[in-house]
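Subject: Handing over the structure, with notes

Dear colleague,

I am passing this structure on to you, together with some notes on what was found in it. Please look through the sequence and the model first, and then read on.

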Amino acid sequence: MKIVLAYSGGLDTSVIVKWLRETYDAEIITFAADIGQEEELKGLSLKARRTGASKHYTLDLVEEFARDFIYPMVRANAVYEGQYYLGTSIARPLIAKAQIGIARREKAGAVAHGATGKGNDQCRFELTYMALSPGLQIIAPWKIDAFREAFPGRSEMIAYCRKHGIPVEASAKKPYSMDRNLLHISYEAGILEDPWFDPTTRANKAMFKLTVSPEDAPNRPEYVELDFARGDCVAVNGRTLSPAGVLKALNRLGGKHGIGRVDLVENRFVGMKSRGVYETPGGTILMHGHRQVESLTLDREVMHIRDSLIPKYAELVYNGFWYAPEREALQALVDESQRFVSGTVRLKLYKGNVITCGRKSRYSLYDTKVASMEGVKSWYNQSDATGFIRLNGLRLRARNLAQRGPKV
């Protein structure tokens, strides 16, 4: 039996490699997706084999992640519950898709993951497996009684690693968990489980990796110009970049100016509430800029229809339904809406803020003559508004006369 394990090299998956091999008498093949974790990927192959894996894959998926997952989501302006930019959520379908590809290459009959069984990642992994390769066996150790009995907590896992010589850099006193990719870093658990705890104090500020504290950001603002074509950012300050290149450039700029920190209590798919702290510097700038170009180029009714679908689209991504037909149908509508979302936006970055300073487009629907209050003549006739308002007020007048007026 061959099992392909989604592997991070952390405490959980390090334990799971050996546990799977012994429990299933199987060959374990580990897989890590490079989606922008940077230094976290160093030494994974050697570590996996020392832990018991027969083979390890690390695939560079950074450009695919930006192009085929982040950018479509930005075109939809998808933000979960008004705050979360879905950095972890959008990464899981890509990881699971690549994991399935390795399973096919290795002729493995099963895939496994280390999601805890309490959060959303189990849904994102397993729904992708089911959508793309329903014949694969899915093994989720944290949902197996025998595994939880053997490892009721982190201390037992650390002891297990010490006993079996499994190399892990973990401590029972680790104050929080962290997940990083090109779009963001998320922090949760540990000290963050108290929703009243403040991670932004001087004593705790070392937690943040991508952004400086807004208080420590430069005292002078910095301007940046973003060029968009059909809803996608294609250049930063006049320099043409790939989608991943755009995110990397904006991450540097946003991080320097303390942009993109979010602290929220969110509603998990499984039903519980969870506190998460996120850094999304580049994504915050990108989403803001995209909205500004849309403000010039997107028809009002099209924008309002698309905006009404943002909560549903974001919920689908958050819950793990990236490969569901309803998300694909919504994406088709979103992409059609973006045909003329091309132009340039100028933004000012200052101490955690993204401030719009201008936007322009060859496809702009903004007509200066129509909008001007300076008496400029145009094809708009203000007298037309009298009948327009009278017709729209007809039902309001009728309601007052029939239901609110004096009764005989």
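Let me begin with a salt bridge (a side-chain nitrogen of Lys or Arg within 4 Å of a carboxyl oxygen of Asp or Glu): R202 pairs with D216, and their closest N and O atoms are 3.1 Å apart. Both R202 and D216 lie in the loop between strand 7 (185-188) and strand 8 (222-229), so the pair ties together parts that are 14 residues apart in sequence. Helices and strands here are DSSP runs, of H or I over at least four residues for helices and of E over at least two for strands, and they are numbered from the N terminus. R202 counts as exposed, at 56% relative accessibility, whereas D216 is partly exposed, with a relative accessible area of 36%; in these terms, buried means under 20% relative accessible area, exposed over 50%, and partly exposed in between, with a 1.4 Å probe and protein chains only.

Before going further, please keep in mind that this is a predicted model, in which local features need pLDDT of at least 70 and side-chain atom pairs count only at pLDDT 80 or more, while totals for chains, interfaces and linings use all residues. Residues are numbered from 1 along each chain as its sequence is written, and side-chain values use heavy atoms, with hydrogens and water left out.

The structure holds 23 salt bridges. Among them is the one between R291 and D307, with the closest N and O atoms 3.0 Å apart; this pair links distant parts of the chain, since R291 sits in helix 9 (residues 281-297) and D307 in helix 10, 16 residues apart. R291 is partly exposed, at 27% relative accessible area, and D307 is also partly exposed, at 23%. D307 forms a salt bridge with R306 as well, where the closest N and O atoms are 2.8 Å apart, and R306 is buried, with a relative accessible area of 1%. Elsewhere, salt bridges link R92, D121, R124 and D179 in a network.

Helix 10 (residues 300-319) packs with helix 11 (residues 325-337) at an angle of about 145°, their axes being 10 Å apart; axes are lines fitted to C-alpha atoms, for helices over the stretch in contact, and angles run from 0 to 180 degrees between N-to-C directions. On the helix 10 side the contact (heavy atoms within 4.5 Å) is made by V302, R306, L309, K312, Y313 and L316, and on the helix 11 side by residues including L330, L333 and V334.

Helix 3 (residues 62-75) and helix 4 (residues 87-106) form another pair, with axes that come within 10 Å and cross at roughly 135°. These two helices are therefore oblique to each other, a class that takes the angles left over when those under 35 degrees count as roughly parallel, over 145 as roughly antiparallel and 65 to 115 as roughly perpendicular. In their contact, E64, F65, F69, I70 and M73 of helix 3 meet G87, I90, A91, P93, L94 and K97 of helix 4.

Finally, two lysines deserve a look at the backbone. K107, in the loop between helix 4 and strand 4 (110-112), has a positive phi of about 55° although it is not a glycine, and K107 is exposed, at 73% relative accessibility. K351, in the loop between strand 13 (343-350) and strand 14 (353-360), has a positive phi of about 45°, again without being a glycine, and K351 is partly exposed, at 21%.
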